[in-house]
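Please look over the sequence and the fold below.

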Amino acid sequence: MRGLRGSGRSTKNKWWRLMGASALAGVMLVGSACSTTSGAKTLDGTPTAEERLELDPMLIRAGANGEGETIDVTEVFKMAYEAYSDRRYEKAAKHYVLVVEYFKDSKYYLPALYNAGLSYEKLERWQPAAKYYRQIIDEHPEEKDAKDAYYRLANAYEKMGEHQMVVELMTEVLLRKELSNFDRCEAYVRRSNSLLELEDWKEAEQGYTTMLELNEKAAATERLSDDSHLVVQAHFGLGRSYHERVRDIELVLPTERMGQDLEKKGELFTRAQLYYIEALRHHHPQWSMAAGYMIGKLYEDFYTDIFNAEIPDDLDREHVALYFEELQKHIRPLMERAVQVYEKNLSLSRRIGTSDEQNEWVAQTSQKLERLRHFLDDPITQRRAEMLVAHGHTVKTPWDPQATATDLVDIAVKQAAEEAHGESAAKLEKKAEGPDS
């Protein structure tokens, strides 16, 4: 469990107000333990063994009006815990940090570090969250909290976009001894997720594959179920790794090379789709929705890649028009298939009870579905996209009417500027030659 930490034992708590502390200057800590004798004696009159009472440290602060205040660490920790439970995360963080700064020898110090990180995570303040998790790892590397802090720190790094840090951190975790199967699987998945963000498709793929293989070999009592979010994430991640490799292959001349590359894209496309389908079939509210969206995008991207395929420079307007007319007959079904997939993904989202407001993947599916439907019924936008490709321009979103119109205007302005520059240069050259030339 990587959630909120308690102190480890229950205690009675209270605040103490002390008067007449004007002699105290600044802040001081009262010791955490004291000794006393029980008052009983043995038969020969000697005192019994010393009885030691363990007391939590207290913070004494002098006020401006001469009054003093003693702060009981147990009470501070309790107040922080209650604030966190009430979702008053700013207040919780403030109290946990107080424990961290002034009670380093207290039993509350380590859980306060961890809980301070959790509080800042709830506030989406990732840098201070990372600071406290990092402090646990550096100061208490062998404690159980340190192991959990690695994963929480990885989450903070992910939010900050520090994906190389996540890779290094999870590599360090995987070198630790006595990891449970769940912990090992999570480390592989987090590491591979960040490798995807770093565009290291093949190493990410190896990480996901290793995680699935290790889970299959794990003892039945530790093995993650097929619908575990980590297993579903691994299938989704494998789909993404192949999907991105599909996108990396550009279709360029000569024709023979283009045919070979298209065949390779098709093979990678099939593998990506199979992994996405495996993630989709478990109906996980997050990752299955993501997989459904990405299957639609896979078809959409394949359409775009073929649409942007390089065409010979020597084609005249008539042959370019014929080329695109024939091309659309073959690739329009890809876009129609994308629309069907997006429709099914929305239907699935309704069945499992998630909506646009609850799930970003559902929201993106809705947006894409609307845009692609308009595109299929919008010949003007299609013609504009074709003109851009004919001018050697790569069209990232051929279904976006505003983007295609803007790009065409940019091309027209650039051409006009080049023509004007050419005319000016010709006039200057003629003037330089003189009137008798």
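The points below are grouped by topic.

This is a predicted model: local features need pLDDT of at least 70, side-chain atom pairs count only at pLDDT 80 or more, and totals for chains, interfaces and linings use all residues. Residues are numbered from 1 along each chain as its sequence is written, and side-chain values use heavy atoms, with hydrogens and water left out. The structure holds 17 aromatic pairs.

**Largest pocket**

- A pocket is an open set of points on a 1 Å grid over the protein atoms alone, where a 1.4 Å probe fits, with protein on both sides within 12 Å along at least five of seven lines.
- Lining residues have an atom within 4 Å of a point.
- A volume is the space filled by probe spheres set on the points, and grid points are joined across faces, edges and corners.
- The largest pocket is lined by 31 residues, and V389, A390, H391, G392 and H393 are the closest to its centre.
- Helices α11 (287-307), α12 (317-351) and α14 (379-390) each supply at least two residues of this lining.
- Helices here are DSSP runs (H or I, at least four residues), numbered from the N terminus.
- α12 gives the most to the lining of the largest pocket, with 6 residues.
- By class, the lining of the largest pocket has 14 nonpolar, 7 polar and 10 charged residues.
- Nonpolar covers Ala, Val, Leu, Ile, Met, Phe, Trp, Tyr, Cys and Pro; charged covers Asp, Glu, Lys and Arg; polar covers the others, Gly among them.

**Second largest pocket**

- The second largest pocket has a volume of about 670 Å³.
- It is lined by 23 residues, and E158, N193, Q233, Q286 and W287 are the closest to its centre.
- α5 (144-160), α7 (181-197), α9 (229-248) and α13 (360-376) each supply at least two residues of this lining.
- α7 gives the largest share, 8 residues.
- The lining of the second largest pocket divides into 8 nonpolar, 8 polar and 7 charged residues.

**Aromatic pairs and a charge over a ring**

- Rings of Phe, Tyr and Trp (its six-membered ring) pair if their centres lie within 6.5 Å; planes under 30 degrees apart count as stacked, over 60 as edge-to-face and the rest as tilted.
- There are 17 aromatic pairs in the structure.
- F77 and Y96 form an edge-to-face pair, because their ring centres are 5.6 Å apart and their planes are at 70 degrees.
- F77 lies in helix α1 (residues 73-85) and Y96 in helix α2 (residues 89-102), so the pair ties together parts that are 19 residues apart in sequence.
- Both F77 and Y96 are buried (buried means under 20% relative accessible area, exposed over 50%, partly exposed in between, with a 1.4 Å probe and protein chains only).
- F236 and W287 form a tilted pair, 5.3 Å centre to centre with 50 degrees between the planes.
- This pair links distant parts of the chain: F236 is in helix α9 and W287 in helix α11, 51 residues apart.
- F236 is buried at 6% relative accessibility, and W287 is buried at 18%.
- Ring pairs link F236, Y276, W287, Y293, Y342 and W361 into a cluster.
- The charged end of R5 sits over the ring of Y114, 3.9 Å from its centre (CZ of Arg, or NZ of Lys, within 6 Å of the ring centre and within 35 degrees of the ring normal).

**Around L388**

- L388 is in helix α14 and counts as buried, at 0% relative accessibility.
- L388 touches H393, V395, T404, D407, L408 and I411, not counting residues up to four places away in sequence (contact means heavy atoms within 4.5 Å).
- The C-alpha atoms of L388 and A405 are separated by 9.6 Å, and the two residues are 17 residues apart along the chain.

**Backbone details**

- A cis peptide bond joins L253 and P254, with omega about 10 degrees.
- P254 is in the loop between α9 and α10 (255-280).
- R87 is not a glycine, yet its phi is positive, near 65 degrees.
- R87 lies in the loop between α1 and α2 and is exposed, with a relative accessible area of 66%.
- H283 is not a glycine either, and has a positive phi of about 60 degrees.
- H283 sits in the loop between α10 and α11 and counts as partly exposed, at 40% relative accessibility.
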